[in-house]
Amino acid sequence: MHCLKSLVAAEALSPFKSTQTTFLIDSLNYFRGTLIQQRAVILAEPNKVPIRINMRAMHPDGTIIEYVEFA
C-alpha cells in the first residue's frame, strides 16, 4: 500500500517537477496567443483558482514554463 501511495504522489507532482520556471505576467490571454503563434504547446489551459490564474506551456526548445496572472 505504501508503494502505491508513493507512486500516486509522484504522478501528482510530475507537472510541478517538470516546470523549469514561473513567470508573473499581466495578461494570460495575451501570452497564450503569443505562445501559440510561436509554436508552443499549451500543456495546461488557463486555470482560475482563488487568487490567480495559471497556465503551463512547453516552448519549441522543450522548456516548460508556468505563467501566472494574479486576479
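## Burial and overall make-up

A residue is called buried here when its relative accessible area is under 20%, and exposed when that area is over 50%; values in between count as partly exposed. By this rule, buried residues account for 25% of the 71 residues in the chain. The model is a predicted one.

The chain contains two helices and four strands. Read from the N terminus, the order of these elements is α-β-α-β-β-β. Of the contacts between residues at least 6 apart in sequence, 36% connect residues at least 24 apart. The accessible surface of the chain comes to about 5,200 Å², and 60% of this is supplied by carbon and sulfur atoms.

## The nonpolar core

The largest nonpolar core has ten residues: Ile-25, Leu-28, Leu-35, Ala-40, Ile-42, Ile-53, Met-55, Ala-57, Ile-65 and Tyr-67. Three elements, namely α2, β3 (52–58) and β4 (64–70), each contribute at least two residues to this core. Strand β3 gives the largest share, with three residues.

Ile-25 is one of the core residues. Leaving aside residues up to four places away in sequence, Ile-25 touches Phe-31, Tyr-67, Val-68 and Glu-69. Of these, Tyr-67 is also listed in the core.

## Salt bridges

Two salt bridges are found in a search of the whole structure. One of them joins the side chains of Arg-32 and Glu-45, with an N to O distance of 2.9 Å. Arg-32 belongs to helix α2 and Glu-45 to strand β2, so this pair ties together parts that are 13 residues apart in sequence. Both ends fall in the middle class of accessibility: Arg-32 is partly exposed because its relative accessible area is 26%, and Glu-45 is partly exposed at 44%.

Glu-66 and Arg-52 also form a salt bridge, and their closest N and O atoms are 3.4 Å apart. This pair links distant parts of the chain, since Glu-66 is in strand β4 and Arg-52 in strand β3, 14 residues apart. Here the ends fall in separate classes. Glu-66 counts as buried because its relative accessibility is 14%, which is under the 20% limit. Arg-52, at 28% relative accessibility, counts as partly exposed.

## A nonpolar patch on the surface

Leu-24, Ile-51 and Phe-70 make a nonpolar patch on the surface. Together, the accessible area of Leu-24, Ile-51 and Phe-70 is about 340 Å².

Leu-24 is part of strand β1, which covers residues 21–24. Its relative accessibility is 61%, so Leu-24 counts as exposed. Ile-25, a member of the nonpolar core, is by contrast buried, because a core of this kind is a set of buried residues.

## Arg-39 and its backbone

Arg-39 is not a glycine, yet its phi is positive, at about 65°. The residue sits in the loop between α2 (28–37) and β2 (41–49). With a relative accessibility of 69%, Arg-39 counts as exposed.

Note on methods: Residues numbered from 1 in each chain as written. Predicted model: local features only at pLDDT ≥ 70, side-chain atom pairs only at ≥ 80, totals over all residues. Heavy atoms only, no water. Buried < 20%, exposed > 50% of the residue type's maximum accessible area, 1.4 Å probe, protein only. Patch = residues over 30% accessible without salt bridge, like charges linked within 9 Å, V, L, I, M, F, W, Y side chains within 5 Å. Areas by Shrake-Rupley, 256 points an atom, 1.4 Å probe, with all protein chains shown as cover. Salt bridge = Lys/Arg side-chain N within 4 Å of Asp/Glu carboxyl O. Core = buried A, V, L, I, M, F, W, Y, C linked by side-chain atoms within 4.5 Å. Contact = heavy atoms within 4.5 Å.
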